[in-house]
Amino acid sequence: MKLSYKHTVYACFIGYIVQAIINNFVPLLFLTFQLEFGISLDKIAMLTGMNFGIQLLVDLLAAKFVDRIGYRPCILFAHVFSAAGLLGLTVLPSVISSPYVGICISIVIYAIGGGLLEVLVSPIVEACPGEEKEKAMSLLHSFYCWGHVGVVLLSTLFFRLAGIANWRYMAVIWALIPLANIALFAVVPIASLIEDGEEGCSIRQLFQKRTFWVFMLVMACAGACEQAVSQWASAYAESGLQVSKTTGDLAGPLLFAVTMGGARLFYGKHGERIELKKFMKFSGGLCLCSYLIIGLTKIPLVGFLGCALCGMSVGILWPGTFSLAAKAMPKGGTAMFAFFALAGDLGCAGGPTYVGMMAERLGGSLNLGILAAVVFPVVLLAGLRLTDWQNKKKAGESLQL
């Protein structure tokens with residue numbers, strides 16, 4: 001059977017599921033690591049920062065080397081590192097004298113894969129021939145959400161049936177997905193963002209474009225809008241809404257992930273009838289309203305509805321920014337996507353940190369911490385408005401010529 005670009009897109013869908021696995025599986029084992037290996041909570045808390053820190057570094061470096069090496073070798077390496085890191089979790093903590101060091105080495109390995117996936121998957125889809133790229137990008141990013149939901153539900157089910165002591169077998173099961181996707185990416189066609197005979201923008205040229213910096217700001221705010229609630233959803237449900245941990249875990253993060261994935265799936269199916277920028281502006285306003293609901297209510301049902309509304313509102317922001325920027329700067333190349341991934345990751349790290357800092361200053365109230373984060377959707381909306389002004393200015397200059 002001859003493989004087409006449709007199969008390339010399918011491989012990219014699986015790639016984002018791999019990204020969800022490496023970001024969300026290990027956090028389910030934090031308490032297990034503490035009990036089995038005697039690792040303190042402060043060291044365990046550093047594991048998430050290590051994962052995203054390595055991914056940020058890879059985002060930055062990828063702008064230099066991906067185009068030189070090529071998409072196919074890099075995407076294959078991404079899956080190799082992802083699988084190797086997951087498999088390393090099953091062995092290294094037991095064979096190295098310090099289990100914590102073994103876990104850290106495994107995380108560093110799969111974080112390299114995660115950083116490469118984040119840089120590569122979106123431009124590979126964007127480069128595929130065909131119309132309706134905005135729909136494809138939204139549908140692509142929905143698979144991260146479904147992967148997140150699947151990791152939590154299937155891992156929890158496995159731990160329930162087989163026992164948490166057998167977590168290593170679950171790590172092997174999850175490693176099979178990137179290993180299988182290696183075979184698919186080895187044979188599917190992969191196009192380039194830049195047509196033959198043309199050159200993409202250099203990093204210096206990108207930095208000289210005002211439009212680039214506006215989209216960098218929008219991308220950072222998109223990441224912050226998403227993670228400021230997502231990372232605190234469970235804790236908010238427990239402390240702010242006074243519900244049990246089990247209820248908080250299921251009704252907080254999973255509800256958020258499902259509605260975020262639903263929004264991306266909706267635009268992926270019906271995007272041809274909806275103008276992307278208008279949809280993003282509407283979503284930004286909806287995000288602002290959800291922050292107000294979450295921050296001001298003490299009623300559990302209303303608070304959970306606020307989390308659901310927030311997940312729904314942020315769904316289009318990240319993939320939508322990629323699509324708008326690709327249209328505004330068609331010669332941005334891989335470097336542009338790498339820097340946008342970097343900006344998004346900075347927002348993902350900065351948003352939850354800002355909420356935590358503000359909550360601490362406001363008497364330990366997560367409600368008020370999340371309320372203070374309304375600054376992110378406000379700045380995002382301002383950034384989108386600024387792109388409108390830049391487009392009008394360009395159109396006016398073209399008419400004068």
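Modeller: Start with arginine 385, which is partly exposed at a relative accessible area of 46%. Keep in mind that this is a predicted model. Arginine 385 forms a salt bridge with aspartate 388, and the closest N and O atoms are 3.8 Å apart. Both residues sit in helix H17, three residues apart, so about one helical turn separates them.

Now look at aspartate 388 itself. Its relative accessibility is 14%. The cut-off for buried is under 20%, so aspartate 388 counts as buried.

Aspartate 388 has another partner. Its side chain meets that of lysine 281 in a salt bridge, at 2.3 Å from N to O. This pair links distant parts of the chain. Lysine 281 belongs to helix H12 (residues 276-296), while aspartate 388 belongs to helix H17 (residues 375-400). The two residues are 107 residues apart. Lysine 281 has 30% relative accessibility, so it counts as partly exposed.

Lys277, Lys281, Arg385 and Asp388 are linked in a network of salt bridges.

One more pair deserves a look. Glutamate 275 forms a salt bridge with lysine 278. Their closest N and O atoms are 3.7 Å apart. Glutamate 275 is partly exposed, at 47% relative accessibility. Lysine 278 is exposed, with a relative accessible area of 59%. Over the whole structure, a search finds six salt bridges.

Definitions and conventions
Residues numbered from 1 in each chain as written. Predicted model: local features only at pLDDT ≥ 70, side-chain atom pairs only at ≥ 80, totals over all residues. Heavy atoms only, no water. Salt bridge = Lys/Arg side-chain N within 4 Å of Asp/Glu carboxyl O. Buried < 20%, exposed > 50% of the residue type's maximum accessible area, 1.4 Å probe, protein only. Helix = DSSP H or I, 4+ residues; strand = E, 2+ residues; numbered from the N terminus.
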